[in-house]
Amino acid sequence: MQTELELDGTEQTAIGGRSRLYALFSRAFRFPSAERYRQIQAGDLAAEALTAIGLLPFQGLRPGTLGRGTDLSYEAFQSAYMALFEIGGEHGPPAPLYEGEYGGGRLKVMEEVLRFYHFFGLRLSGEKRDRPDHLASELEFMHVLTFKEAEAEVRGESRRPYREAQRDFLRFHLNEFVSAVADKVGANKAPFYPEMARLAAEFCARDLAHLAA
(Lines give C-alpha, C1' and ligand atoms only; values in the text may rest on other atoms or scores of the structure.)
Protein backbone atom coordinates (compact mmCIF):
# COMPACT_ATOMS: atom_id res chain seq x y z
CA MET A 1 0.00 0.00 0.00
CA GLN A 2 1.20 3.51 -0.80
CA THR A 3 2.18 5.30 2.41
CA GLU A 4 2.51 8.92 1.26
CA LEU A 5 0.33 11.23 -0.79
CA GLU A 6 0.86 14.72 -2.10
CA LEU A 7 -2.16 16.57 -0.76
CA ASP A 8 -3.37 19.90 -2.06
CA GLY A 9 -6.19 22.08 -0.80
CA THR A 10 -8.15 22.31 2.44
CA GLU A 11 -10.25 19.18 1.95
CA GLN A 12 -7.34 16.90 1.12
CA THR A 13 -5.13 18.19 3.94
CA ALA A 14 -8.01 17.81 6.43
CA ILE A 15 -8.35 14.13 5.51
CA GLY A 16 -4.58 13.83 5.82
CA GLY A 17 -4.67 15.32 9.32
CA ARG A 18 -7.32 12.83 10.41
CA SER A 19 -5.35 9.94 8.94
CA ARG A 20 -2.14 11.03 10.67
CA LEU A 21 -3.86 11.20 14.05
CA TYR A 22 -5.36 7.74 13.71
CA ALA A 23 -1.89 6.39 12.86
CA LEU A 24 -0.35 8.23 15.81
CA PHE A 25 -2.90 6.85 18.29
CA SER A 26 -2.52 3.35 16.87
CA ARG A 27 1.24 3.44 17.48
CA ALA A 28 0.76 4.92 20.94
CA PHE A 29 -1.44 2.05 22.13
CA ARG A 30 1.12 -0.58 21.07
CA PHE A 31 3.73 -1.82 23.53
CA PRO A 32 6.31 1.00 23.70
CA SER A 33 9.62 0.38 21.97
CA ALA A 34 12.75 2.19 23.15
CA GLU A 35 12.58 4.47 20.10
CA ARG A 36 8.92 5.28 20.73
CA TYR A 37 9.70 6.14 24.33
CA ARG A 38 12.48 8.50 23.23
CA GLN A 39 10.04 10.22 20.85
CA ILE A 40 7.52 10.67 23.66
CA GLN A 41 10.11 11.94 26.14
CA ALA A 42 11.62 14.38 23.63
CA GLY A 43 8.21 15.82 22.73
CA ASP A 44 8.28 14.55 19.15
CA LEU A 45 4.95 12.78 19.53
CA ALA A 46 3.31 15.87 21.05
CA ALA A 47 4.65 17.98 18.17
CA GLU A 48 3.36 15.46 15.62
CA ALA A 49 -0.08 15.50 17.24
CA LEU A 50 -0.17 19.31 17.27
CA THR A 51 0.70 19.46 13.56
CA ALA A 52 -2.02 16.96 12.64
CA ILE A 53 -4.60 18.70 14.84
CA GLY A 54 -3.89 21.93 12.98
CA LEU A 55 -5.08 20.27 9.76
CA LEU A 56 -8.38 18.94 11.08
CA PRO A 57 -11.77 20.11 9.78
CA PHE A 58 -12.91 20.75 13.37
CA GLN A 59 -11.44 22.58 16.35
CA GLY A 60 -11.14 22.18 20.09
CA LEU A 61 -8.51 19.46 20.51
CA ARG A 62 -5.46 20.23 22.63
CA PRO A 63 -2.63 17.69 22.75
CA GLY A 64 -1.05 18.80 26.02
CA THR A 65 2.43 17.52 26.85
CA LEU A 66 1.80 13.85 25.92
CA GLY A 67 4.69 12.67 28.07
CA ARG A 68 7.19 15.36 27.04
CA GLY A 69 9.97 15.67 29.61
CA THR A 70 8.98 12.64 31.69
CA ASP A 71 11.80 11.55 33.97
CA LEU A 72 10.78 7.90 34.07
CA SER A 73 13.26 5.32 32.87
CA TYR A 74 12.31 3.30 29.81
CA GLU A 75 11.89 0.22 32.02
CA ALA A 76 9.49 2.10 34.33
CA PHE A 77 7.54 3.36 31.32
CA GLN A 78 7.20 -0.21 30.02
CA SER A 79 6.04 -1.33 33.42
CA ALA A 80 3.38 1.38 33.49
CA TYR A 81 2.05 0.16 30.13
CA MET A 82 1.93 -3.46 31.29
CA ALA A 83 0.28 -2.55 34.60
CA LEU A 84 -2.47 -0.62 32.81
CA PHE A 85 -3.18 -2.79 29.81
CA GLU A 86 -1.73 -6.27 30.21
CA ILE A 87 -1.30 -7.41 33.82
CA GLY A 88 -4.13 -7.70 36.30
CA GLY A 89 -5.62 -9.77 39.04
CA GLU A 90 -8.53 -12.17 38.76
CA HIS A 91 -10.54 -9.52 36.88
CA GLY A 92 -7.81 -8.72 34.37
CA PRO A 93 -5.89 -5.46 33.77
CA PRO A 94 -7.39 -2.09 34.80
CA ALA A 95 -7.88 -1.02 31.15
CA PRO A 96 -7.90 -3.94 28.71
CA LEU A 97 -7.20 -3.00 25.10
CA TYR A 98 -9.67 -5.46 23.55
CA GLU A 99 -13.14 -4.26 22.63
CA GLY A 100 -14.70 -7.63 23.42
CA GLU A 101 -13.79 -7.18 27.09
CA TYR A 102 -16.21 -4.24 27.34
CA GLY A 103 -19.36 -6.15 26.40
CA GLY A 104 -21.05 -7.51 23.32
CA GLY A 105 -19.35 -10.89 23.53
CA ARG A 106 -15.73 -11.49 22.57
CA LEU A 107 -16.42 -13.76 19.60
CA LYS A 108 -19.25 -11.60 18.24
CA VAL A 109 -17.17 -8.41 18.46
CA MET A 110 -14.17 -10.05 16.80
CA GLU A 111 -16.32 -11.40 13.98
CA GLU A 112 -17.93 -8.00 13.37
CA VAL A 113 -14.57 -6.22 13.35
CA LEU A 114 -13.06 -8.81 11.00
CA ARG A 115 -15.94 -8.32 8.56
CA PHE A 116 -15.01 -4.65 8.31
CA TYR A 117 -11.36 -5.51 7.73
CA HIS A 118 -12.06 -8.22 5.16
CA PHE A 119 -14.50 -6.05 3.21
CA PHE A 120 -11.57 -3.75 2.41
CA GLY A 121 -9.21 -6.63 1.70
CA LEU A 122 -7.28 -6.31 4.96
CA ARG A 123 -5.81 -9.13 7.02
CA LEU A 124 -4.09 -9.04 10.39
CA SER A 125 -0.34 -9.37 10.25
CA GLY A 126 0.88 -12.75 11.43
CA GLU A 127 3.75 -10.98 13.19
CA LYS A 128 1.42 -9.14 15.57
CA ARG A 129 -0.45 -12.28 16.69
CA ASP A 130 -3.15 -10.17 18.24
CA ARG A 131 -6.90 -10.25 18.39
CA PRO A 132 -8.65 -8.16 15.71
CA ASP A 133 -10.45 -6.11 18.37
CA HIS A 134 -7.23 -4.68 19.85
CA LEU A 135 -7.56 -0.90 20.12
CA ALA A 136 -4.37 -0.29 18.13
CA SER A 137 -5.67 -2.47 15.29
CA GLU A 138 -9.01 -0.65 15.19
CA LEU A 139 -7.26 2.71 15.11
CA GLU A 140 -4.96 1.45 12.37
CA PHE A 141 -8.01 0.40 10.37
CA MET A 142 -9.35 3.95 10.60
CA HIS A 143 -5.96 5.21 9.43
CA VAL A 144 -6.20 2.95 6.38
CA LEU A 145 -9.77 4.08 5.61
CA THR A 146 -8.88 7.77 5.85
CA PHE A 147 -5.78 7.20 3.72
CA LYS A 148 -7.92 5.49 1.08
CA GLU A 149 -10.36 8.40 1.28
CA ALA A 150 -7.49 10.82 0.62
CA GLU A 151 -6.34 8.68 -2.33
CA ALA A 152 -9.85 8.79 -3.80
CA GLU A 153 -10.02 12.57 -3.36
CA VAL A 154 -6.65 13.03 -5.08
CA ARG A 155 -7.77 10.87 -8.01
CA GLY A 156 -11.15 12.56 -8.30
CA GLU A 157 -12.98 9.36 -7.35
CA SER A 158 -15.90 8.90 -4.95
CA ARG A 159 -14.94 9.03 -1.27
CA ARG A 160 -18.37 7.87 -0.12
CA PRO A 161 -17.59 4.16 0.56
CA TYR A 162 -14.68 5.07 2.79
CA ARG A 163 -16.51 7.82 4.67
CA GLU A 164 -19.53 5.59 5.29
CA ALA A 165 -17.28 2.81 6.56
CA GLN A 166 -15.47 5.26 8.87
CA ARG A 167 -18.76 6.54 10.26
CA ASP A 168 -20.16 3.07 10.84
CA PHE A 169 -16.98 1.68 12.38
CA LEU A 170 -16.78 4.60 14.77
CA ARG A 171 -20.47 4.38 15.61
CA PHE A 172 -20.64 0.64 16.21
CA HIS A 173 -17.15 -0.06 17.54
CA LEU A 174 -14.33 2.41 18.04
CA ASN A 175 -15.97 5.51 19.53
CA GLU A 176 -17.49 3.90 22.63
CA PHE A 177 -14.56 1.51 22.98
CA VAL A 178 -11.85 4.18 23.13
CA SER A 179 -14.04 6.27 25.44
CA ALA A 180 -14.34 3.33 27.85
CA VAL A 181 -10.57 2.80 27.76
CA ALA A 182 -9.99 6.51 28.44
CA ASP A 183 -12.34 6.41 31.43
CA LYS A 184 -10.49 3.46 32.96
CA VAL A 185 -7.02 4.85 32.21
CA GLY A 186 -8.03 8.22 33.65
CA ALA A 187 -8.61 6.63 37.03
CA ASN A 188 -4.91 5.75 37.26
CA LYS A 189 -1.84 7.90 37.88
CA ALA A 190 0.24 6.37 35.10
CA PRO A 191 2.35 8.73 32.97
CA PHE A 192 1.40 9.70 29.40
CA TYR A 193 -1.45 7.25 28.87
CA PRO A 194 -4.32 9.07 30.63
CA GLU A 195 -3.67 12.23 28.60
CA MET A 196 -3.17 10.30 25.37
CA ALA A 197 -6.30 8.17 25.86
CA ARG A 198 -8.39 11.26 26.63
CA LEU A 199 -7.17 12.96 23.46
CA ALA A 200 -7.90 9.85 21.37
CA ALA A 201 -11.42 9.60 22.79
CA GLU A 202 -12.14 13.29 22.16
CA PHE A 203 -10.81 13.01 18.62
CA CYS A 204 -12.92 9.94 17.79
CA ALA A 205 -16.07 11.57 19.19
CA ARG A 206 -15.51 14.76 17.18
CA ASP A 207 -14.62 12.79 14.06
CA LEU A 208 -17.83 10.77 14.32
CA ALA A 209 -19.84 13.99 14.65
CA HIS A 210 -17.99 15.39 11.63
CA LEU A 211 -18.76 12.32 9.52
CA ALA A 212 -22.36 12.14 10.66
CA ALA A 213 -22.91 15.76 9.69
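**Ground rules.** I number residues from 1 along each chain as its sequence is written, and my side-chain values use heavy atoms, with hydrogens and water left out. Since the model is predicted, I ask for pLDDT of at least 70 for local features and 80 or more for side-chain atom pairs, while totals for chains, interfaces and linings use all residues.

**Entry 1: α6 and α7.** I took helices as DSSP runs (H or I, at least four residues), numbered from the N terminus. I looked up α6 (residues 135-155) and found its axis coming within 10 Å of that of α7, with a crossing of roughly 155°. My axes are lines fitted to C-alpha atoms over the stretch in contact, and angles run from 0 to 180 degrees between N-to-C directions. That makes α6 roughly antiparallel to α7 (angles over 145 degrees). In the contact (heavy atoms within 4.5 Å), α6 brings residues including Leu139, Met142 and Leu145, and α7 brings among others Phe169, His173 and Phe177. I sorted the contact residues into 14 nonpolar, three polar and four charged. Here Ala, Val, Leu, Ile, Met, Phe, Trp, Tyr, Cys and Pro count as nonpolar, Asp, Glu, Lys and Arg as charged, and the others, Gly among them, as polar.

**Entry 2: α5 and α7.** Next I checked α5 (residues 106-119) against α7 (residues 160-186): the angle is about 170° and the axes are 12 Å apart. This pair is therefore roughly antiparallel too. Val109, Glu112, Val113, Phe116 and Tyr117 of α5 meet Ala165, Asp168, Phe169 and His173 of α7. Those residues divide into six nonpolar, one polar and two charged.

**Entry 3: aromatic rings.** My search of the whole structure gave 22 aromatic pairs (Phe, Tyr and Trp rings, the six-membered one for Trp, with centres within 6.5 Å). Phe31 and Tyr81 are edge-to-face (planes over 60 degrees apart), at 5.4 Å centre to centre and 90° between the planes. Phe31 sits in the loop between α1 (10-28) and α2 (34-42) and Tyr81 in helix α4, so the pair ties together parts 50 residues apart in sequence.

**Entry 4: positive phi.** Phe192, in the loop between α7 and α8 (193-212), has a phi of about 70° and is buried at 6%. Leu66, in the loop between α3 (44-53) and α4 (74-85), has a phi near 45° and is buried at 0%.

Notes:
Helix = DSSP H or I, 4+ residues; strand = E, 2+ residues; numbered from the N terminus. Parallel < 35°, antiparallel > 145°, perpendicular 65-115°, else oblique. Buried < 20%, exposed > 50% of the residue type's maximum accessible area, 1.4 Å probe, protein only. Phe/Tyr/Trp six-rings, centres within 6.5 Å; stacked < 30°, edge-to-face > 60°.
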